[in-house]
Amino acid sequence: MEITGTVTTGLGKAAYFLGQDFYKNQFMEKCGFTPFPGTLNIIVDEGKLEDIQLMKNSCNNVIQPDEGFGAVKYIKAYLNEDIAGAIVFPAKTTHEEHYLEFIAKYKLRDKYGFEDGDEVKLTIDL
């Protein structure tokens with residue numbers, strides 16, 4: 001499945017959560033990388049909401065939380081065909097449904113120069 005979207009500024013909350021050792025360790029174990037403490041936020045067309053809900057609801061990949069934190073579903077994906085990472089679906093989120101959060105081992109805005117308004121493509125193997 002391919003989903004295109006537009007880079008946007010997030011809420012800045014992911015840095016705290018992805019900085020927690022139990023999240024970092026499980027992502028390393030399950031995805032093969034320690035995520036940069038932050039996400040690349042992508043707004044997708046509302047016409048893809050049904051596909052995203054189906055993908056999220058059928059996802060069985062889960063990062064288990066420590067007490068006081070929420071679980072995180074994840075699906076391995078590629079950004080712009082060659083940047084390995086994962087789409088994450090935190091159980092506790094304030095994002096609207098048409099926002100996707102992508103994690104990778106790098107700060108993507110710095111390494112690849114992404115800016116708000118840039119169009120990107122996510123490739124997901126289901």
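I began with a term I would need: a residue counts as partly exposed when its relative accessible area lies between the buried limit of under 20% and the exposed limit of over 50%. I kept in mind throughout that this is a predicted model.

I looked up Arg109 with that term in hand and found a relative accessibility of 28%, so Arg109 counts as partly exposed. The side chain of Arg109 meets that of Asp116 in a salt bridge, with 2.6 Å from N to O, and Asp116, at 42% relative accessibility, is also partly exposed.

How many salt bridges does the structure hold? I found six in the structure, and I reminded myself that side chains of opposite charge can pair when their charged atoms come close.

Next I turned to Lys24, which forms a salt bridge with Asp21, their closest N and O atoms lying 3.5 Å apart. Both belong to helix H2, which covers residues 21-31, and because they are three residues apart there, about one helical turn separates them. I recorded a relative accessible area of 26% for Lys24, which makes Lys24 partly exposed.

My last entry concerns Lys107 and Asp110, whose side chains meet in a salt bridge at 3.7 Å, N to O.

Notes. Residues numbered from 1 in each chain as written. Predicted model: local features only at pLDDT ≥ 70, side-chain atom pairs only at ≥ 80, totals over all residues. Heavy atoms only, no water. Salt bridge = Lys/Arg side-chain N within 4 Å of Asp/Glu carboxyl O. Helix = DSSP H or I, 4+ residues; strand = E, 2+ residues; numbered from the N terminus. Buried < 20%, exposed > 50% of the residue type's maximum accessible area, 1.4 Å probe, protein only.
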